[in-house]
Amino acid sequence: MSPPSRPVSLRSRWQRLTLVGALLVLHGWAMAQGVALQLLNAERAEDGLAVSFSTRFELPRQAEEALLKGVAIYFVAEVQVLRNRWYWRDARVAQATRTWRLTWQPLTRQYRVSTGGLHQSFDSLGEAIASLRGVSGWRVADAKEIEDDGRYYLEFSYKLDTAQLPRPLQIGLGGAQGWSLSVDRNLTLQLESPAAPPASKPQP
């Protein structure tokens, strides 16, 4: 006589519920520690390829505490432009990196964001973080690097760069729990030659 199947079914159902619960917890942790990428697009123009992106995140509490103690916080966006090749490995045709430096100025009681030689001050941390969440019209490749029509794709990453923190703080971070703030995405593009301006009609 075969044993009843009910206990096995209940145990299997409990295991499934436990697994789903664990996945939900992990998903919630990842969303709390990560970056939501709201927009990523690329547009080809006469002078090259421009990328726009927008993110949503909050600065981790540990990073905010370090900021108020005089530690500079760095954010880095990186884009690689690659061209698909059926006969060989894909070719990297361009690469661009942009870095933002966020600091607290105790004398003026303002937050300062620096990038590419430009500086801007903000009265609140929320305003400073908002300026770090995205960029529009960032040229990542020159026209000569994408001269032909073809299928390209972007490898995009954006992160709070713990590698640029002071060395003692890096050692203290260990696994960097609480500082994890990053996102990576790929974007496939079918580039076409930019539209030529309409020809002017000859004057009579």
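Good morning. The structure before you is a predicted model, in which local features need pLDDT of at least 70 and side-chain atom pairs count only at pLDDT 80 or more, while totals for chains, interfaces and linings use all residues. Residues are numbered from 1 along each chain as its sequence is written, and side-chain values use heavy atoms, with hydrogens and water left out.

I begin with confidence. The mean pLDDT (the predictor's confidence in each residue, from 0 to 100) is 77 for the protein, and 71% of its residues reach 70 or more.

Next, the aromatic rings. The structure holds seven aromatic pairs; rings of Phe, Tyr and Trp (its six-membered ring) pair if their centres lie within 6.5 Å, and planes under 30 degrees apart count as stacked, over 60 as edge-to-face and the rest as tilted. The F53 and F156 rings are tilted because their planes stand at 55°, with centres 4.9 Å apart. This pair joins distant parts of the chain, since F53 lies in strand β2 and F156 in strand β8, 103 residues apart; strands (E, at least two residues) are DSSP runs, numbered from the N terminus.

Are these two residues buried or exposed? F53 is buried, with a relative accessible area of 2%, and F156 is buried, also with 2%. Buried means under 20% relative accessible area, exposed over 50%, and partly exposed in between (1.4 Å probe, protein chains only).

Ring pairs link F53, F57, F75, W100, F156 and Y158 into a cluster.

Finally, W86 counts as exposed, at 81% relative accessibility. This residue is found in the loop between β3 and β4.

Terms used. Helix = DSSP H or I, 4+ residues; strand = E, 2+ residues; numbered from the N terminus.
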